[in-house]
Amino acid sequence: MLAKRELFERSGHWAKFADDMFPVMQLGAAPGDDDLVLRPANCPHHALAYAASRHSYRELPVRLNELAPMFRAERSGVLSGLSRVRQISLDDTHVFCRPDQIGDEAARALRSALHAQEVLGLPVDYVRMSLRDNGAGYLGTDQQWRDAEAALRLAAERVLPGTGLELVDGVGEAAFYGPKLDLQVRDGRGHEETIATVQLDFNQPERFDLTYDGEDGGRHRVAMIHRGTVGSMERVVASLLERYQGRLPLWLAPVQVCLLPVAPGHDGPARRLHDDLLAAGLRPRTDVDGSLGARIRRSRERRDAVIAVIGDDEIAGDSVQVTDPAADFRGGVDRARFGAQLQKAYDSRARRIDW
């Protein structure tokens with residue numbers, strides 16, 4: 001999470017993002033000695049990891065992934081719940097590949113990101129082709145930008161047909177080191193966010209002298225792709241909570257099943273069911289504190305996925321009384337079928353349980 005300031009000076013982040021970074025921590029006696037900063041991005045670290053050894057054209061692409069924290073010194077006035085935070089936990093992958101692999105790797109990254117949003121149930125409104133404008137601060141030559149844009153457009157043309165998604169140009173939305181494909185979503189307030197991204201970078205391979213040994217025996221410049229499949233954990237959680245009104249599908253819910261024994265005499269059967277669900281890899285919770293009505297209200301307020309009540313009738317019938325608000329279901333379910341339905345919904349990542 002820490003690096004010397006000179007690392008980000010070398011990568012170009014210092015010149016671009018210094019105002020958005022946390023203050024330098026000076027450890028040495030003199031200014032400039034061991035000046036450390038919290039990282040605003042993970043890519044320079046991954047570039048150093050790639051550069052730590054030589055690579056043959058035969059082993060490319062190399063993909064380095066990290067669920068990594070990075071930091072932005074956002075002012076309190078712009079912080080917004082989980083959507084805009086000072087510490088970002090990013091699903092961050094950097095691909096180091098040959099130039100002839102760029103198209104396949106960019107298409108793979110875009111396809112993967114779209115699939116992840118589909119699994120999560122988060123609709124993507126469109127894909128933005130983020131381009132530079134006429135402003136200063138962009139790195140690289142005009143030819144590099146043209147080649148990078150053409151590669152990303154080709155990847156989008158391979159992936160987007162049949163998805164119903166449009167590719168829309170966004171002038172001025174590029175990263176300072178290259179163009180990118182951004183998955184754009186709009187929240188309930190109409191605000192637009194980038195949920196995942198595919199970025200082509202020709203700057204850092206130059207700055208960090210990232211190469212590979214070619215088939216001809218010479219050293220060649222590697223291409224670098226930044227990709228996020230899920231994106232920022234904070235932002236995606238915010239999107240999920242809004243999308244599902246706080247009641248996440250069973251496979252995502254922190255508490256998948258809340259077991260409520262009616263009276264102390266029902267605690268044993270409830271505990272045995274709890275242990276069976278736990279052994280099956282599910283996330284149950286057994287609540288015995290307070291009246292049954294109060295416990296049901298607490299479970300609903302927590303947005304537990306499924307509520308299961310166990311009393312005399314349920315023990316006699318080897319069943320549970322199920323309430324599933326997301327599926328609008330309430331009724332008795334055989335104990336064996338109850339476990340099987342939960343397991344099926346979990347394994348298939350179902351958005352609703354078919355009781």
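The side chains of Arg271 and Asp275 form a salt bridge with an N to O distance of 4.0 Å; the term denotes a side-chain nitrogen of Lys or Arg within 4 Å of a carboxyl oxygen of Asp or Glu. Arg271 and Asp275 both belong to helix 8 (residues 267-279), where a spacing of 4 residues separates them by about one helical turn. Helices (H or I, at least four residues) and strands (E, at least two) are DSSP runs, numbered from the N terminus. An α-helix has 3.6 residues a turn, so residues three or four places apart point the same way.

Arg271 is partly exposed at 40% relative accessibility, and Asp275 is partly exposed at 39%. Buried means under 20% relative accessible area, exposed over 50%, and partly exposed in between (1.4 Å probe, protein chains only).

## Basis of the model

The model is predicted: local features need pLDDT of at least 70 and side-chain atom pairs count only at pLDDT 80 or more, while totals for chains, interfaces and linings use all residues. Residues are numbered from 1 along each chain as its sequence is written, and side-chain values use heavy atoms, with hydrogens and water left out.

## Overall architecture

The chain contains 11 helices and 17 strands. Its C-alpha trace spans about 75 × 55 × 40 Å along the principal axes. Of the 355 residues in the chain, 47% are buried.

Contacts (heavy atoms within 4.5 Å) were also examined by sequence separation: among those between residues at least 6 apart in sequence, 69% join residues at least 24 apart. The accessible surface, from the Shrake-Rupley method with a 1.4 Å probe and, for residues, with only the protein chains shown counting as cover, comes to about 17,400 Å². Carbon and sulfur atoms account for 48% of that surface.

## Salt bridges between elements

The count of salt bridges in the structure is 26. One of them joins the side chains of Arg153 and Asp169, at 2.9 Å from N to O. Arg153 lies in helix 5 (residues 142-159) and Asp169 in strand 7 (residues 167-171), so this pair ties together parts that are 16 residues apart in sequence. Arg153 is partly exposed, with 22% relative accessibility, and Asp169 is partly exposed, with a relative accessible area of 42%.

A salt bridge also links the side chains of Arg221 and Glu206, with an N to O distance of 3.6 Å. Because Arg221 is in strand 11 (residues 219-221) and Glu206 in helix 6 (residues 204-207), the pair ties together parts that are 15 residues apart in sequence. Arg221, at 31% relative accessibility, is partly exposed; Glu206 is partly exposed with a relative accessible area of 44%.

## A buried arginine without a salt bridge

Arg295 is located in helix 9 (residues 292-302). Arg295 is buried yet has no salt bridge, and the nearest side chain of opposite charge, that of Asp287, is 5.2 Å away. For charge, Lys and Arg count as positive and Asp and Glu as negative, whereas His and the chain ends are not counted. Leaving aside residues up to four places away in sequence, Arg295 touches Leu260, Pro261, Val262, Asp287, Val288, Asp289 and Gly290.

## Helix 7 and its cover

Glu234, Val236, Ala238 and Leu240 are buried in helix 7 (residues 233-243). The cover over the buried residues of helix 7 includes strand 5 (87-97), helix 4 (102-120) and strand 9 (192-201). After helix 7 comes Gln245, whose phi is positive, near 55 degrees.

## Cysteines

The structure holds 0 disulfides, a disulfide being a pair of cysteine sulfur atoms within 2.5 Å. Cys43 is in no disulfide, and the nearest cysteine sulfur, that of Cys97, is 15 Å away. Cys43 is buried, at 5% relative accessible area, and Cys97 is buried, at 0% relative accessibility.

## A nonpolar surface patch

Leu2, Met25 and Leu27 make a nonpolar surface patch of about 290 Å². Patches are made of residues with over 30% relative accessible area and no salt bridge; like charges are joined within 9 Å, and nonpolar side chains (Val, Leu, Ile, Met, Phe, Trp, Tyr) within 5 Å. Leu27 sits in the loop between strand 2 (25-26) and strand 3 (35-38), and is exposed at 59% relative accessibility.
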